[in-house]
Amino acid sequence: MANIIAIVGRPNVGKSTLFNRLTESRKAIVDDFSGVTRDRHYGSAEWTDKQFTVIDTGGYVANSEDVFEAAIREQVVIAIEEATVLLFMVDVTTGITDLDDEIAQLLRRSKKPVFIVVNKVDNTQLQNEAAVFYSFGLGEIHPISSMTGSGTGDLLDEVIKHFEDLPEEENALPKLTIVGRPNVGKSSLINALIGKERNIVTPIAGTTRDSIHIHYNQFGHEFMFIDTAGLRKKTKVKENIEFYSVMRTIKAIEEADVVVLMIDAMDGLESQDVNIFHLAEKNKKGIVILVNKWDLVEKNSKTVNVFEDQIRQKLQPFTDVPIIFTSVVNKQRIFQAIEAALEVFKNRGKKVPTSKLNDVMLPIIEKYPPPALKGKYIKIKYITQINGTSPMFAFFCNLPQYIKEPYKRFIENKLRENFDFSGVPIQIYFRQK
Ligand code: GDP
Ligand code: GDP
């Protein structure tokens, strides 16, 4: 199930500071690389062994005074519907403001768990002052300091208790979702594939009421579509259309096995698309990219290659992803797109036998061993694939801590060259033996 933590609250209470703290990872380089950190308000995070998505709702409100409060109110309503857990952030140094009161009033109607997070409790004196927030009548308060991180661990311990676990093989069918910015052609593709049957939607037990699963079973292919495009919420505030669509997208990605990221050929891969791509990658989902509206592009013999190169450049370092050029209006390559997605699904579940893995990889490693560090040689003795929903490999060696990122990347490339993992993020671990 999709586990989404939404941070709501008025401006300046410290939402984005907490967001950054929760989503910051050692892999932040990936985002810096593509230069997309700027407009990123949602991201993947982990606490103990739980993986989840955090969304900073404040990032979606424009600063103009007139729309501002209406936008915040509406966001809270959307967040109540879409998130798993809501963190209502307030500021101990200002106490309760009118806007805080309004937000609290909306949250009181939420059936989802709400945590009052009292921020900027940087020292023990301030701890006492946090008590005023009990007056919201929303239960426990959780004093934290987003700046120093104190209290955030205790908070997360409580929050993750409310996560829904993925039901055991809720459905053995591949789950695909089509995501992308508005107007790229997502609905058109689903309509082209499913036609009128789209309205016949079977609600599946264990899935959230508002995520639509469509059973596809035609032309020898059977899978589930997790549809985001079909549902469009009417909102009064322009900025919230994006906020809403981001919430739906995150949810669909978490529920899917393979994410079909559709872009508009006329626009190319934009930073929002790259954000979605990274979210799918960090969630270890399979990925296929569709460049749609290909009919609108003036082409010569090199156009496809130029397009592909430009896209892969922006996907670095995970570039081993199928890219398909479609025209939904002309029904061009739409079945190929689905076949590519199902192929990626297969790759994601692929298990390479240990003997084969060692037969192929050990000679490569012998020829190109990890560089010696501090006069010590690193010896990789054997390799095995770890059981999991996506491919993970353990390389057993004497000094795992001495193996650096470039060598890890080299190993990943060799795995990809020798075994087809197209469209699938793979995890590589070096372990002590
Ligand atoms: P947002 O508008 O709710 O996203 O708030 P920001 O994260 O931008 O923070 C607003 C201001 O509060 C910034 O100047 C932060 O540095 C500051 N701030 C955030 N968290 C803390 C905290 O735990 N303690 C203190 N003293 N300041 C904080
Ligand atoms: P969504 O917002 O991503 O669901 O996009 P829609 O499916 O609603 O499509 C937006 C617009 O793009 C509609 O007018 C479609 O007819 C048009 N469209 C979709 N696919 C194609 C395509 O392959 N080529 C062209 N030229 N237009 C397309």
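Tutor: This is a predicted model, in which local features need pLDDT of at least 70 and side-chain atom pairs count only at pLDDT 80 or more, while totals for chains, interfaces and linings use all residues. Residues are numbered from 1 along each chain as its sequence is written, and chains are lettered from A and ligands numbered from 1 in the order in which they are written.

Student: What makes β13 and strand β14 (residues 392-397) a pair, and do they run parallel or antiparallel?

Tutor: Two strands pair if DSSP finds at least two bridges between them. Six bridges join β13 to β14, and the two run antiparallel. Within this pairing, T384 stands opposite A394 of β14.

Student: Why is one side of β13 and of β15 left without a neighbour in the sheet?

Tutor: The sheet is open, with three strands in the order β13-β14-β15 and mixed pairing. β13 (380-386) and β15 (427-432) are at its edges with a single partner strand each, so one side of each has no neighbour there.

Student: Why is strand β7 (residues 175-179) called largely enclosed?

Tutor: A residue is buried if 20 or more other C-beta atoms, placed from the backbone, lie within 10 Å of its own; with 12 or fewer it is exposed, and in between partly exposed. Four of the five residues of β7 are buried, so the rest of the structure largely encloses this strand.

Student: Which strand does β7 join through four bridges, and in which sense?

Tutor: That is β10 (residues 258-264), and the two run parallel. T177 has V259 as its bridge partner in β10 and I226 as its bridge partner in β9.
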